[in-house]
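Subject: Structure for you to look at

Hello,

I am handing over the structure we spoke about, and below it you will find notes on what turned up in it. Please read them with the model open beside you.

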Amino acid sequence: MLPKLRNRSWSIVFRISAAYAAITIALLSISGACLYWCLKVSLDENARSTLADKISVLRQILRERPDDEEALEEEVKWESTARHQSVFYGRLQQNDGTLVMQSPGAENLIPDSSKCPPAANENQWLGETREYRPGPDKTMLLASAKMASPPVEKRYSNPDRHFVYTVALDTTPEQRILGDYRNNLLLVLIGGSIASAVAGTHVAKRGIRPIHQISAAAHRITANALADRVGATAWPRELAGLAAEFDGMLQRLEESFKRLSQFSADIAHELRTPINNLMGEAEVALRRVRSSEEYARVIASSLEEYHRLSALIDSLLFLARAENADLLLHRKWFQASEELTQILSYHELQASEQGITLLSFGDAQIYADATLFRRALSNVIANALKHTASGGTVTVRVREKPITNASSPAETGPTASGGVELLIEDTGEGIPPEHLSRIFDRFYRVDTSRARSTVGIGLGLAIVKTIMELHAGSADVKSELGKGTCVSLVFPRPNVTQQIPSRDFQIA
Ligand code: ATP
Ligand code: MG
């Protein structure tokens, strides 16, 4: 039951109105309690000073007019009955407890001395006071005080001139005021809480209206309307950031979506051509019975298309795996020259057939995945051989690259600083400058008008770029039309790589 409650997501409106109500209850309670306390203190003070007054008057009468019995009776017996405000009752006793006189009705309203507060000394202004309830609706505040009078002739039979005066002030009206005040405060508290909860709900609903609007705007955006943006509306400042972030996300999604659509279209296009070729050849071959040489020619030509298709699928699979983080890099230190010898010997035959000189200079320790290193380098060398005429040269140089902060705009990797640089230079036809920025794109080919056998799939350099990104390295190209092309691949040093949070990839 409890975890269920904890997991429950309360609405913002409810939270805000509940918070409003709680704050109002707290504020009203605190301020109400303070006001109540202040009122009570001042009423108490008032009552105490009235009691002190009464005691002081009687002390004065006893001290200054000890034989003026009339004044004494006037004060103790009659004044109380004459009053409407600050009604009080008095009882004058001798020190031994003998009753001297008391106000009419005092016998019921003033308890016996054991229940009264201890009498204040003669020099004390007012002693302890005590509340006494003679009935359910009556409250009296009691005070007692000792007092003395000088001796007089034949006054009272008892020669003791020391008295105890107990005075009881009727505080029922004050108690009623306090009670009414308490009830009013409670009403204000309840009313205020309800009002603030209602106001809070209203304010919260108005406050979150833009959230509903933003969600409605987001709802309108579909895969077909990715160009729409929510940031066009003037949102409140708190939501403007969210709208901007949302638009940023849409922008990225739109770009990815476009790239993906373009990529799918390109794949369909690339697949359609070889498959059409295969179908066409097969249909022509099947039209009539042919000699075995003719069939062999058709099969050989089909095989060429199958190879092309297989290479295309292989490249697409590699790119898809790299994109889905399905690859785990097996990085290790190796000598660049050792791998280069293998790669160059693989391309040597083609180079010598084309009459191209294949050279390599320099060496360095490289920290990379050897298989991917071979694949990247092979792709670049194959391009160089493909675009260099007979008599030309393809040179691979290996050199240490010092750490620099400068990076060329054509660099594709996240870093170009520190590492080992491989420069693959050819003396071939070169690449027109307007194509340079795009040749690392998927399916991008500079010259598609050439013979089909020489035109590649257009994924070679895209794979090189992906491999370099996996290594947190960079790939760059410089070219001069008619003079040649130079591709630079930088494999960063491990410490440089570690600074960059790169994914770990596994070759499936
Ligand atoms: P693939 O390598 O997938 O078989 P491809 O070689 O056409 O096909 P990329 O390797 O990606 O594709 O190269 C893209 C384009 O860049 C090429 O079509 C080519 O026009 C141009 N290019 C690449 N390297 C060179 C080079 N060394 N000299 C001249 N042009 C080049
Ligand atoms: Mg290529």
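Two strands are said to pair if DSSP finds at least two bridges between them. Please keep in mind that this is a predicted model.

In general, strands of a sheet pair through backbone hydrogen bonds, either parallel or antiparallel.

This pair belongs to an open sheet of five strands, whose order is 7-9-10-12-11 and whose pairing is mixed. Strand 7 (357-361) and strand 11 (474-480) stand at the edges, and because each has a single partner strand, one side of each is left without a neighbour in the sheet. From one strand to the next, the twist averages 15 degrees.

Helix 10 (residues 370-386) lies across strand 7, strand 9, strand 10 (419-426) and strand 12 (484-492), and runs at about 20 degrees to strand 10. Helix 12 (residues 460-470) also packs on the sheet, where it touches strand 11 and strand 12, and its direction makes about 25 degrees with that of strand 12.

Elsewhere, L186, I190, I194 and V198 form a nonpolar patch on the surface, with about 390 Å² of accessible area together. Of these, I194 is found in helix 5 (residues 172-207); I194 counts as exposed, because its relative accessible area is 53% and the cut-off for exposed is over 50%.

Best wishes

Terms used
Residues numbered from 1 in each chain as written. Chains lettered and ligands numbered in written order. Predicted model: local features only at pLDDT ≥ 70, side-chain atom pairs only at ≥ 80, totals over all residues. Heavy atoms only, no water. Helix = DSSP H or I, 4+ residues; strand = E, 2+ residues; numbered from the N terminus. Axes fitted to C-alpha atoms, helices over the stretch in contact; angles between N-to-C directions. Contact = heavy atoms within 4.5 Å. Patch = residues over 30% accessible without salt bridge, like charges linked within 9 Å, V, L, I, M, F, W, Y side chains within 5 Å. Areas by Shrake-Rupley, 256 points an atom, 1.4 Å probe, with all protein chains shown as cover. Salt bridge = Lys/Arg side-chain N within 4 Å of Asp/Glu carboxyl O. Buried < 20%, exposed > 50% of the residue type's maximum accessible area, 1.4 Å probe, protein only.
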